[in-house]
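Please open the model in the viewer and keep the selection panel at hand. The stops below proceed from a sheet to a helix and then to charged pairs.

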Amino acid sequence: MLVREDVLQVRAPALCFYVLRGSDGLYLIDGGFIGGRYLLRRALRQCGWEHLPIKGILITHGHLDHVLNVATISKETGAWIAAPRLDALHYAGRYAYRNFARVCGWLEAVGRPLFRYRTFSVDHWLDDLSVLPIWHGLTAIHLPGHTEGHMGFYCAPLRLLFSADLFASYGENAHLPPAIFNDKPELIPASVSRAVSLDLTGVLPNHGDSSSPATHLERLKRLRRKMS
């Protein structure tokens, strides 16, 4: 579905990712999970973008449901890859999960060979406040907790934040990610506060329903108040 005329949301049952249409082609934010390449091709056809080149892939963090298809899409299209530096061990499949998040590690250890995950080389490492001169301009915002390197992407001119897995937004059930998926949960409250402090008109999460960015932002603000 088109969130706006130059933002396509590619939806799957429990996950979505985004395609941005810039003046020179398309840019992905994450690459989806099982069936993600098929869903991407179908979504591009439906909105008439299938002939536009995919120039780059921006990764929000290293969990398998966000990076499963990145290597293949990059190889097929020649797209460069930009990714949070602090999640490098995730992309290599060598991150040592701890505490409750060891469950996530076990699931990924099964999922990588089962779904034929391929590692990839990162062309552009991202740190906090790295600037990406694409689309309307994006700034990487470090929002750690879900993973150590977890990032959102902020577009100041449009006042939009692609918030990745900072929170899940489904109706009145806006919530933080389950504990088994959070490697450093003690950092999440500060990350939520940082996101809310940005000058925003809307938020686009990777786990959420088809509500407007403004509605997702209101849910995030309510969640922040509940956490206080």
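Begin with the open sheet, in which five strands follow the order β8-β9-β10-β11-β12 with mixed pairing; strands (E, at least two residues) and helices (H or I, at least four) are DSSP runs numbered from the N terminus, and two strands pair if DSSP finds at least two bridges between them. At its edges, β8 (131–132) and β12 (202–205) each pair on one side only. This is a predicted model, in which local features need pLDDT of at least 70 and side-chain atom pairs count only at pLDDT 80 or more, whereas totals for chains, interfaces and linings use all residues. Residues are numbered from 1 along each chain as its sequence is written, and side-chain values use heavy atoms, without hydrogens and water.

Next, select residues 138–142 and 151–155: these are β9 and β10, paired in the antiparallel sense over four bridges. T139 has Y154 in β10 as its bridge partner.

Now display the salt bridges (a Lys or Arg side-chain nitrogen within 4 Å of an Asp or Glu carboxyl oxygen); the whole structure contains 12. Select D127 and R85, whose closest N and O atoms are 2.9 Å apart. D127 lies in the loop between β7 (124–126) and β8, and R85 in the loop between β6 (80–84) and α4 (88–91), so the pair ties together parts 42 residues apart in sequence.

Proceed to E148 and K184, a salt bridge with closest N and O atoms 3.8 Å apart.

Finally, select K221 and E218, a salt bridge at 3.9 Å. Both residues lie in helix α7, three residues apart, about one turn of the helix.
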